[in-house]
Amino acid sequence: MKHRKTAPLASRHQSTSIRWSTFIAITAVLCAALFLAIFLGGGPATTGSAAVSIDPHRASFGICFGAERTTCVVDGDTIWFEGRKIRIADINTPEISSPGCASERLLGEQAKMRMQALLNQGAFSLHSIDRDQDQYGRDLRIITRDGESLGETLVAEGLAERWQGYRRDWC
């Protein structure tokens, strides 16, 4: 009888061992397949806000002419984008519509052309500030690309100054 009791235990142990080794083999194959799928697929999938571009806006900006304005540059610190008039909130540029002197108008034209070129170089973001609009109903925004202010580019190039809360005389 001892033999009968050990035989069923031995056969149960062998069948469990076979199932365990099969489980290990299947798990190893699945892990290898998952690794290859992720590796060959370029990494794990992104979801939520991580999949959204850092700079979501892109447009072709012209120079504003006439009354109908959709996406264009008015001057170095004012643009129209998708039918909204936007005052670039972190800078002040020389005036071109009512300059104090000829050199201010010339510098203002340069600022306008440079802002157009910067906007047309690629995707950008619009960031709100502490208030949504100025006294003229323009949206107040800071424009960035890759986290860098386009207005600061104009400041660095001598075509603008940081906004100090008032316009200064450029003459």
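The legends below describe close-up views of a predicted model.

**View 1. The largest nonpolar core has 19 residues.** Within this core, Ile 79, Met 115, Leu 119 and Leu 154 touch the most other members. Two or more core residues come from each of β3 (78-81), β4 (84-88), α2 and α3 (150-156). Helix α2 gives the largest share, four residues.

**View 2. Leu 119 and the residues it touches.** Leaving out residues up to four places away in sequence, Leu 119 is in contact with Ala 59, Phe 61, Val 73, Ile 79, Phe 124, Ile 143, Arg 145 and Leu 150. Leu 119 is also one of the core residues that touch the most other members.

**View 3. Phe 61 and Phe 81 form a stacked aromatic pair.** The count of aromatic pairs comes to three. Phe 61 is in the loop between α1 (2-40) and β1 (62-63) and Phe 81 is in strand β3, so the pair ties together parts that are 20 residues apart in sequence. Phe 61 counts as buried because its relative accessibility is 3%, under the 20% limit. Phe 81 is buried as well, with a relative accessible area of 4%.

**View 4. Phe 81 and Phe 124 form an edge-to-face aromatic pair.** Here the distance is 5.3 Å centre to centre, with 70 degrees between the planes. This pair links distant parts of the chain, 43 residues apart: Phe 81 belongs to strand β3, and Phe 124 to the loop between α2 and β6 (125-133). Phe 124 is buried, at a relative accessible area of 0%. Through ring pairs, Phe 61, Phe 81 and Phe 124 are linked into a cluster.

**View 5. Thr 93 is a buried loop residue.** Thr 93 sits in the loop between β5 (91-92) and α2 (102-119). Its relative accessible area is 0%, so Thr 93 counts as buried. Not counting residues up to four places away in sequence, Thr 93 touches Asp 75, Gly 76, Asp 77, Ala 111, Leu 154, Leu 159, Ala 160 and Trp 170. Among these contacts, Leu 154 is also one of the core residues that touch the most other members.

Notes. Residues numbered from 1 in each chain as written. Predicted model: local features only at pLDDT ≥ 70, side-chain atom pairs only at ≥ 80, totals over all residues. Heavy atoms only, no water. Buried < 20%, exposed > 50% of the residue type's maximum accessible area, 1.4 Å probe, protein only. Contact = heavy atoms within 4.5 Å. Core = buried A, V, L, I, M, F, W, Y, C linked by side-chain atoms within 4.5 Å. Phe/Tyr/Trp six-rings, centres within 6.5 Å; stacked < 30°, edge-to-face > 60°.
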